[in-house]
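Work through the exercises below with the structure open beside you, and try each task before reading its solution.

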Amino acid sequence: MRGNKFSLNDYRWLLSDAADRLLTELGSAQRDAHEGDVLRQASSLRKHVSADRAHLLLEQLELRRRGRIKFALADSMFFTPLGLEQATDEWVAGYKAQRYAPGEEVADLCCGIGGDLLTLARRGPVCGVDLGRVAALMARANAPSALVAVADVAMLRQPLPSWHIDPDRRSGGRRTTRAELYSPGPRTIETLLATSPTGAIKLAPAATFPMHWLETAECEWISRAGVCRQLVAWFGRLADNPGRRRATLVIGREQPPKYHTFIGAASEELAVAPRLGRYLAEPDAAVLAAGLVGSLAAATGLAAIAPGAVYLTGDTITSDPALTWFEITDETAFNIRGLKVLLRDRRIGDLEIKKRGVDVDPARLRQQLRTPGEERATLFLVRRGKTVTALLTRRQALLG
């Protein structure tokens with residue numbers, strides 16, 4: 001792991017009972033105190049620890065606060081800034097762990113601070129491997145039932161029963177979607193596949209990778225809370241549908257996670273509707289990233305609102321969780337003055353703006369269109385031919 005300001009000994013101290021007591025006291029003070037009290041509390045740390053370790057404690061509290069979005073037990077976990085950023089959240093990780101057989105031994109390679117490791121450990125024996133000593137230290141603390149080793153994945157020679165790998169996408173110092181720049185890169189992973197054919201590779205949703213993986217693996221784009229979080233290439237026994245694409249929505253914050261999956265082919269042509277239907281449907285981010293809008297539209301009897309558009313339309317709502325539905329109330333040319341009059345007439349005070357292929361800043365446009373009112377609406381800006389159409393809509397509750 002890169003970018004740490006503290007030494008390995010500092011992090012070892014962070015895991016000590018003495019540091020735990022200070023973290024507990026600081027956490028309680030921050031929950032109950034005003035900003036000035038928190039600053040005084042932080043200043044008092046200097047009586048007990050060095051400036052660096054005081055900073056480390058305060059950073060850890062902030063990381064735990066941010067980590068609550070990803071982990072239910074974040075307040076008892078340990079993070080680094082980069083480790084938290086790169087970690088799989090526990091609900092996506094929990095979904096992925098279900099694809100491994102209960103009790104099956106798994107190696108979690110490039111495990112980082114243990115986002116995937118801790119959920120894999122709940123279903124059976126797992127060994128984490130990471131080249132970074134700080135990352136391995138955090139992983140041991142976050143997944144105490146797992147074995148964790150400091151090692152270079154490229155040096156592994158022993159065949160593995162099954163595995164999961166999360167290559168570093170910042171090995172050159174900047175985030176990249178090009179798999180050939182990951183560490184370890186495709187060559188190391190190909191060697192791993194040759195000796196241990198059952199595994200999974202965590203990739204960025206927009207990653208470019210060897211094309212033959214599309215033929216031998218099942219590629220799955222996974223979203224949660226409307227954001228596509230990652231792409232996973234499943235190989236060997238883990239690939240239920242080799243050569244097919246899969247879009248999966250992880251729903252809610254339950255364990256084991258609830259999820260909805262759509263499987264299709266990226267080659268499915270997206271038909272264009274001859275007219276706008278009563279409703280507009282927005283495909284989930286995982287469906288978009290997987291290139292499965294055409295397959296989903298064909299399966300649900302919908303069509304695109306315009307050539308090249310990804311928004312769909314129809315006269316009836318389906319209960320597919322991969323679609324978010326909006327009732328179209330008004331259709332008009334995109335004109336700020338005219339839209340402002342329309343919003344005032346409809347008493348719209350809370351406006352959500354969505355757009356595709358239109359060069360507009362939604363935040364700035366929202367300020368320009370601000371009108372008084374108690375109603376909510378969603379405004380879609382879509383390109384239809386050479387013109388931009390504005391569709392005012394009402395978000396619909398999912399049926400079923």
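**Exercise 1.** Decide whether glutamate 254 is buried, partly exposed or exposed.

*Solution.* Glutamate 254 has a relative accessible area of 42%. Buried means under 20% relative accessible area, exposed means over 50%, and partly exposed lies in between, with a 1.4 Å probe and protein chains only, so glutamate 254 counts as partly exposed. Its salt-bridge partner is lysine 258, with the closest N and O atoms 3.6 Å apart; a salt bridge here is a side-chain nitrogen of Lys or Arg within 4 Å of a carboxyl oxygen of Asp or Glu. Lysine 258, with a relative accessible area of 46%, is partly exposed.

Before going on, note that this is a predicted model, in which local features need pLDDT of at least 70 and side-chain atom pairs count only at pLDDT 80 or more, while totals for chains, interfaces and linings use all residues. Residues are numbered from 1 along each chain as its sequence is written, and side-chain values use heavy atoms, with hydrogens and water left out.

**Exercise 2.** Find out which parts the salt bridge between aspartate 10 and arginine 53 ties together.

*Solution.* Begin with the contact itself, a salt bridge of 2.9 Å from N to O between the side chains of aspartate 10 and arginine 53. Lastly, aspartate 10 counts as buried at 10% relative accessibility, whereas arginine 53, at 24%, counts as partly exposed.

**Exercise 3.** Classify the aromatic pair formed by phenylalanine 6 and tyrosine 11.

*Solution.* A search of the whole structure finds nine aromatic pairs. For phenylalanine 6 and tyrosine 11, the rings are 6.1 Å apart centre to centre, with 80° between the planes. Rings of Phe, Tyr and Trp (its six-membered ring) pair if their centres lie within 6.5 Å, and planes under 30 degrees apart count as stacked, over 60 as edge-to-face and the rest as tilted, so this pair is edge-to-face. Both phenylalanine 6 and tyrosine 11 are buried.
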